[in-house]
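Here's a quick tour of a few spots worth a look in this chain. Have the sequence and the viewer open while you read.

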Amino acid sequence: MHHTTGVARTAAVLAAAVTVTALMTGCTPTGEDGAAAVPSSPASAPSAPSKPSATPKASPPAGPTPSGGTKACTTGQVKVSDAHQADVRPPGTGTGAVVVPVTNTSTHPCTLQGFPTVAGAGNGSPDHNLPLATTHSGTATAVSLAPGARAWTKLTFVNVQGEADGYCVSGATPATFPTLVLGVPGAGSHQIAMDDGVFAECDNKVTVTAFSSAKPS
C-alpha cells in the first residue's frame, strides 16, 4: 500500500517538471520593464575618413623655344668665313675690330646661340694656340638659321698704337697672328684669317658679341 503511494508521488513530481519545462520552452527573456531583451549589437567601427583626392601637380611652365624646336647647329652644318675689318673700331693702327660670318651650309635649319671663343692659332699646332681673354658684350639669344642663312659676331681688340711695329698703351709688346681659331658654341673650332692683312692686337684681350642675325657695324 505504501509502495503504491510512493510511486504515485514520484509520477506526480515528474509530470510537474515536464509541465514547467514545456512552459519555459520558446520563452524570450525580458528586461526589468517587461520588454523583450534584444541583444545589443557591437558598436560599429567608425568609418575611416575618406582620403582627399590627390591634386595633380601643376607642370612647370615650359621655357620659351625661340627656335621652334630646331636643333643646334653642329660642326658639319656651318662654315666660318674669314674676318673683315669692322666699320666701327677703336682708334689705332692695329686690327681694332672685325666681324665674322657663320653660314648654315646644310639643307636643314639649325639654331646658333652664345658667344665665340677666340685664340691665336699656333702655326698649325692646336697645342700652341694662345687663348685670348674674352669679355662678352650683349645678351645671347637663339638665332634660327635657315639653309644658307648667316649669323654674325664682332671681335673688338685692344688696338695697337703708333706706326711701324706700334706699341701697346699698357706697355706690352703687340702681338700678331696670321690666323685665329674661333670656337662656335656646339659647332666646333674654325680657323680663320683676315681678308686683308693679319690680326694685330695688344694684351691678348678681345670683346666678343653674341651671335646675331643682324650684321654688326
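Leaving aside its neighbours within four places in sequence, which residues is Asn104 in contact with? Keep in mind that this is a predicted model. The partners of Asn104 are Gln77, Pro109, Cys110, Leu145, Ala146, Pro147, Gly148 and Ala149.

**Around Asn104**

You'll find Asn104 in strand β3, which covers residues 97–104. Is Asn104 buried or exposed? Its relative accessibility is 1%, and the cut-off for buried is under 20%, so Asn104 counts as buried.

**The disulfides**

One of the contacts of Asn104, Cys110, takes us to the next topic. How many disulfides are there? The count comes to two, and counting the bonded cysteines along the chain gives the pattern 1-2, 3-4. Here they are side by side:

| Disulfide | S to S | Torsion about S-S | Hand |
|---|---|---|---|
| Cys73 and Cys110 | 2.0 Å | 85° | right-handed |
| Cys168 and Cys202 | 2.1 Å | about -95° | left-handed |

Take the right-handed link of Cys73 and Cys110. Cys73 sits in the loop between α1 (2–24) and β1 (78–80), while Cys110 belongs to strand β4 (residues 110–112), so this pair ties together parts that are 37 residues apart in sequence. Cys73 is buried at 1% relative accessible area, and Cys110 counts as buried at 1% relative accessibility.

Now for the disulfide that joins Cys168 to Cys202. It links distant parts of the chain, with Cys168 in the loop between β9 and β10 and Cys202 in strand β13, 34 residues apart. Cys168 is buried at 4% relative accessibility, and Cys202 is buried at 0%.

**Two positive phi angles**

Two residues with positive phi are also worth a click. Ala164 isn't a glycine, yet its phi is positive, about 55°. Ala164 is in the loop between β9 (150–158) and β10 (175–177), and with 82% relative accessibility it counts as exposed.

Asn204 isn't a glycine either, and its phi is positive, near 55°. Asn204 is found in strand β13 (residues 199–209). With a relative accessible area of 27%, Asn204 is partly exposed.

Technical notes
Residues numbered from 1 in each chain as written. Predicted model: local features only at pLDDT ≥ 70, side-chain atom pairs only at ≥ 80, totals over all residues. Heavy atoms only, no water. Helix = DSSP H or I, 4+ residues; strand = E, 2+ residues; numbered from the N terminus. Buried < 20%, exposed > 50% of the residue type's maximum accessible area, 1.4 Å probe, protein only. Contact = heavy atoms within 4.5 Å. Disulfide = S-S within 2.5 Å.
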